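Dear colleague,

I am passing on the structure we spoke about. Please look through it first; my notes follow below.

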Amino acid sequence: MIQALRRELSIYKAIAGMAAKTRLAYNMWVWADFVVTIVSMIVFVYFWRAVYANTSTLSGLSLSQTITYILLARLLSPLVETRTIFFFGFMIRQGQIAVELTRPLDMQLRIMTESFAELLVFLVQRLPLFLIAWLFFGMQLPSDPALWGAFFISLVLGQIVLFLFDWMFACLAFYVTETWGLSVVRVAAGSFFSGAIVPLMMMPSWLQKLAAGLPFAQAMAVPVSFLSGISTAADAPHIWLIQITWLLVLLVLSRIVFGIAVRKVTVQGG
Amino acid sequence: MTRYLELYWYFLIQRFKILMEYRLNFFIGATSTAILQAASLTAIWVVMRQIPSLNGWNFYEVILVYGLLTMGESITHMFADNLWTVGWNYVRSGDFDRFLVRPIDPLFHLLADRFCHDGIGNLITGALLVGVSMQQLGIAFSLQHIVYIIISVLSGGVIFIALNLITATSVFWIMESIPVTQMVFTMNEFAKYPLSIYHSSIRILLTWIIPYGFVSFYPASYLLGRDVGALVWLSPLVALVFIFMAYRIWLFGLRHYSSTGS
Amino acid sequence: MAIIQVDNLNKTFKVQRKDPGLGGAVKALFLPKYEDKVAVNGISFSIDASEIVGYIGVNGAGKSTTIKMLTGILLPTSGSVLVLGRDPHRERVANAREIGVVFGQRTQLWWDLAFIESLSLVAKIYQVPQTRYKQLLDQFAETLELKELLNVPIRNMSLGQKMRAELAATLIHEPRVVYLDEPTIGLDLIVKERIREFIKEQNRTKSTTVVLTTHDLGDIEELCKRVIIIDTGKLIYDGPIETIKDRFGKYREITFETLSTPGHVDLPSGAEIILSEPRKISVRFDRTATTASGVAAALMNQLEVKDFSLSEPDLASIIMQIYNGALSEEQAT
């Protein structure tokens, strides 16, 4: 998983540096992502089966629930990654802040829309993998449409929460020259505390408290909990309320922090 | 060949001079791998504290396997990182041609051109994991064991490099090697855990075809006194066979590059 | 023995022809169709020691393909290349020791390393003895004015500084043959001069053979006594620059400033008016048909001339003519 994260980061760098992609080479990227995801899913399934060999529940979760949870988290993993910090770093280096700010639409809203569009495309590309996971790897999805509805709403809310947090975090790019190290920390923390590697419910309570204080869980663990039988439809309003609270707080905070950072840059020039 | 060793040393010194230019990044790089490892290890710890063993392997035994794999991977990370970037950074830009007009082996030049210090973090972390698990499991730090571990780690590193080299050669056909390398490299995820937890087809794949099993599982089995037959002695042989194959394939790729240009 | 001997050199590439659209892409994957693209077509020439030869042609004519075969990067389809008596591809390492290559805008130095560090690494790669390295370094620092640049990394250098550094790095191992691809591109006149001087000096003192690929005809005029012109893979001219000027520079122009506006003017045959303005008239004449004095005399008999100037054939326009087929025209006559 570590290598996967590190490689994904270096792939971003590679893609940024690439000129025209030949059709064949582009397809190889898609294939590579496919193979990598399948391999990691296989590893997860066998790992968890071995974990559950002598017990039927762990921390209140059955094998089936855990597998569903982990596979969903893996398939949705692009949702916890972020390119915002690279993007800010790039913009600063190119001196494009002023240009971006003078565009008619609100910058944050604009970037968020673009970001979501990209994610949507990526997820659609992953549909075959969802199918494979469902058919062959034992991912069990509920049939109750209420749960699905809860999932989607929660997913969207959670994504906005994460986006706003990243917006704030990426402002560090205004203060630090090299963003690579920061993104590593962000990726590690993001994967871990979103419950993408291990279900949050299995963590010792102090780690769970820590995870609750970070926004990553809102983007992944919380929505996925509806589909893996951890949360019920009745829990939805309560959960959405928490997410909306996160959203509002981060909306205000992120804009304030961004404003401060931008002022610093424009005052100092560059 | 002493000339190449001397030359490599010189490349290394110059590389550090470059890295020292960006001191902060140097430290961030060195610690970033450690941070990523910490996340993964915490996850394993969280899971395994709830169960007695994973398919008969307890927590420290799992860590031993994980640590050996990390050490093997760190070697390619440190010495052969350019096999990832050979496409976008060298062949596509035409900088690779420079290697062909210099009087040294182009593969040597490619690898020597970038020692990746981030890998040191992994090597140390891996060594710590191996040391701690051996201590907790009561495995003796005898000379025999130490020598065995050193040879296993080196063989493991060579296996990693060989596999990356084979896939990197695809750059001469499709101008970019990362996707192909990624697909094979990712198989090493399996070898982080004892191979016994997987279906036999996966075990066979990781033993005979993409032999990451020889980086971690078989050496660990030896140290733990688990019987897997003669496989525990085969790592160096597998490494030699694969690196030899890999170099031939690379030369084949170079020949293709000279006929078709870029 | 010639330093560089090229005989009937050919290079044909197989290029995949893809039909447009999705259907075309799918077809290309399963039933690839290849076409032959001839980049170099039966070229032969030989270059002796100490020569500085210009190797010119329009973009896509096959120049860089030829250079790649000369340097051993590319394998010829047929024909032979011998550099210093060796096949540069088969004996790559031995050949590499004795050649230097400047690849246009791409530097061989390490971007983030101080120049002196880059240089010493290059010297180590080429096994330049320490004492000789120091001597050459001092010489180059002098002639290329590199003293202030020694501790500057390449990324911080201007284009002119980069090229000077590049030349030092290319010649630090005293190669017998040097291939220069666009060495003065983008540089200002003063730097260009300095670089040309340096190349001439190296050629003089070390008998270095130089193959120069460039679009800058100033480079050609100053450095090369001989020029090889290739077009669509074929060699169309190989000879001294003077001969080009003589053969193709048969036209001269005289521009007259007159006191009155010329009406009709009688000219000797072989001369024609190419520009007629109030008080200015330009006449182009064929040197083989008439002379400058003949034209001038004829005009001055008919008009009051205030001033006049004679222009020499311009190498650039001559080359243009050659690219446009003047050679084949000439061969047809």
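**Helices H8 and H10 of chain B**

Leu163(B), Asn164(B), Thr167(B) and Ala168(B) of H8(B) are in contact with Val180(B), Thr181(B), Val184(B) and Phe185(B) of H10(B). Sorted by class, the residues in this contact of H8(B) with H10(B) are five nonpolar and three polar, with no charged ones. Please keep in mind that this is a predicted model.

H8 spans residues 143-168 of chain B and H10 spans residues 178-185 of chain B. Their axes come within 8 Å and cross at roughly 145°. The crossing of H8(B) past H10(B) is right-handed.

**Nonpolar cores**

In the largest nonpolar core there are 211 residues. Met220(A), Ile159(B) and Ala168(C) have the most contacts inside it. The element that gives the most to this core is helix H8 of chain A (residues 145-170), which supplies 14 residues. Another core lies apart from it and has seven residues, including Ala271(C), Ile281(C), Phe285(C) and Leu299(C).

What does Ile159(B) touch, leaving aside its neighbours within four places in sequence? The contacts of Ile159(B) are Pro211(B), Tyr212(B), Phe214(B), Val215(B), Val238(B), Ala239(B) and Phe242(B).

**Chain A overall**

Chain A has 270 residues, of which 39% count as buried. Its secondary structure includes 13 helices and two strands. Taking the contacts in chain A between residues at least 6 apart in sequence, 83% join residues at least 24 apart.

Regards

Note on methods: Residues are numbered from 1 along each chain as its sequence is written. Chains are lettered from A and ligands numbered from 1 in the order in which they are written. This is a predicted model: local features need pLDDT of at least 70, side-chain atom pairs count only at pLDDT 80 or more; totals for chains, interfaces and linings use all residues. Axes are lines fitted to C-alpha atoms, for helices over the stretch in contact, and angles run from 0 to 180 degrees between N-to-C directions. Helices (H or I, at least four residues) and strands (E, at least two) are DSSP runs, numbered from the N terminus. A crossing is left-handed if the near helix is turned anticlockwise from the far one by less than a right angle, and right-handed if clockwise. Two residues are in contact if their C-beta atoms, placed from the backbone, lie within 7 Å. Ala, Val, Leu, Ile, Met, Phe, Trp, Tyr, Cys and Pro count as nonpolar, Asp, Glu, Lys and Arg as charged, and the others, Gly among them, as polar. A nonpolar core is a set of buried Ala, Val, Leu, Ile, Met, Phe, Trp, Tyr and Cys residues joined through C-beta atoms within 7 Å. A residue is buried if 20 or more other C-beta atoms lie within 10 Å of its own, exposed if 12 or fewer, and partly exposed in between; C-beta atoms are placed from the backbone.
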